[in-house]
Amino acid sequence: MSALIFVIVLAFAFDVTNGFHDSANSVAALISTRAATAAQALLITALGNLTGPLLAGTAVANTVGGVVDVPLAETVPVVGAALTAAILWNLVTWRLGLPSSSSHALIGGLVGATLLRGWNGVHWGGFDGWRPYGVVGVLAGLAISPILGAIVGGAASSIACRALRRTRRRVNSVIRRGEWVTASALAFSHGANDAQKTMGVVALLLVATGHLHQFYVPLWVRIAAATALTIGTMLGGWRIVHTVGHGIYRMHPIDGLVSQGSSAAVILAAAAVGAPVSTTHVVASGVVGVGAQRRLRHVHWAVVREIGAAWVITLPVTALAAAALLPVWKVVL
């Protein structure tokens with residue numbers, strides 16, 4: 001019982017790191033375009049992250065909970081190793097100010113720890129209609145969503161710029177108020193998608209240890225995950241705020257409005273079909289799409305390449321780290 005409690009606490013600790021790592025997604029545009037103060041932006045984001053997990057269902061949690069299948073006696077150390085690897089990666093990339101994916105980190109950790117036992121423990125999966133399942137389905141969602149973020153962001157930016165091309169600068173005050181709405185939607189979508197990954201892990205642990213007879217997410221798990229994500233958000237990942245808000249492309253109010261709204265749409269759509277996506281990469285690619293539509297040379301492509309490199313290496317690094325940590329967890333437990 002003590003081992004189970006420790007790993008569940010570790011899962012919520014991962015949620016906290018996810019929150020302060022990903023808080024930049026919702027607050028960067030608000031702060032960089034001066035639509036809100038840091039305190040106002042964090043409050044908006046915290047409210048969205050708190051309500052998203054409670055109101056958006058558990059489709060993503062079901063997907064994450066079905067990624068691996070290990071003997072019940074080994075579930076706790078496997079999940080513990082995966083969470084440890086994901087937390088360490090979140091802390092390293094936060095220290096470097098590099099937007100990276102907590103989703104990639106968690107999935108990579110689960111797969112790496114499970115593969116140490118054998119190939120058959122991983123549900124490779126695919127798609128059941130529109131719904132992803134297993135590792136292939138998750139990876140497809142993680143790969144497609146940033147592309148959609150860039151396309152939708154660029155298209156929305158083009159439409160907005162055409163619609164507002166004859167307006168004067170005083171319209172910026174209206175646009176800044178609109179940013180509060182799109183930031184709220186983005187924060188809600190972040191909570192709806194990201195907190196569910198922790199919910200899925202905790203539900204998996206409860207089923208494996210016999211505390212649940214079938215896979216579902218109890219209300220207390222949803223509340224705890226929402227709270228942990230919100231606490232992390234309130235801590236704020238200011239290094240990453242600077243990268244998203246200024247490092248990729250120096251956004252104007254209309255850019256913040258469009259990038260937030262388009263990213264929220266992509267992430268909410270993914271949550272509806274149960275696809276765990278990287279909020280960080282959707283938001284970053286949305287900013288790239290907006291900036292590229294306005295003027296290609298104004299996008300800081302060196303920063304984009306760094307984010308892309310993190311996107312590529314997160315899975316293998318966390319998989320290897322979790323595989324290395326699994327023997328340690330087995331000894332400890």
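Analyst: Start with the term: a salt bridge is a side-chain nitrogen of Lys or Arg within 4 Å of a carboxyl oxygen of Asp or Glu. Side chains of opposite charge can pair when their charged atoms come close. This is a predicted model, where local features need pLDDT of at least 70 and side-chain atom pairs count only at pLDDT 80 or more, while totals for chains, interfaces and linings use all residues. Residues are numbered from 1 along each chain as its sequence is written, and side-chain values use heavy atoms, with hydrogens and water left out.

User: How many salt bridges does the structure hold?

Analyst: One. Lys 330 pairs with Glu 74, and their closest N and O atoms are 3.8 Å apart. Helices here are DSSP runs of H or I with at least four residues, strands are runs of E with at least two, and both are numbered from the N terminus. Lys 330 sits in helix H12 and Glu 74 in helix H4, so the pair ties together parts 256 residues apart in sequence.

User: What does Val 79 touch?

Analyst: Contact means heavy atoms within 4.5 Å. Not counting residues up to four places away in sequence, Val 79 touches Val 7, Leu 110, Val 201, Leu 204 and Leu 205.

User: Which residues are in contact with Ser 157?

Analyst: Ser 157 lies in helix H6 and is buried, at 1% relative accessible area. Beyond its neighbours within four places in sequence, Ser 157 contacts Val 258, Val 290, Gln 293 and Arg 294.

User: And where is Trp 180?

Analyst: In helix H7. Trp 180 is partly exposed, at 32%. With neighbours within four places left aside, its contacts are Leu 30, Ala 35, Ala 36, Gln 40 and Ile 44. The C-alpha atoms of Trp 180 and Leu 257 are separated by 8.4 Å, although the two are 77 residues apart along the chain.

User: Which residues make the nonpolar surface patch?

Analyst: Patch residues have over 30% relative accessible area and no salt bridge; like charges are joined within 9 Å, nonpolar side chains (Val, Leu, Ile, Met, Phe, Trp, Tyr) within 5 Å. Areas come from the Shrake-Rupley method with a 1.4 Å probe, and for residues only the protein chains shown count as cover. Leu 50, Leu 54, Leu 55, Leu 219 and Ile 223 make a patch of about 460 Å². Helices H2 (38-55) and H8 (219-235) each supply at least two of its residues. H2 gives the most, with three. Leu 50, in H2, is partly exposed at 33%.

Notes
Buried means under 20% relative accessible area, exposed over 50%, partly exposed in between (1.4 Å probe, protein chains only).
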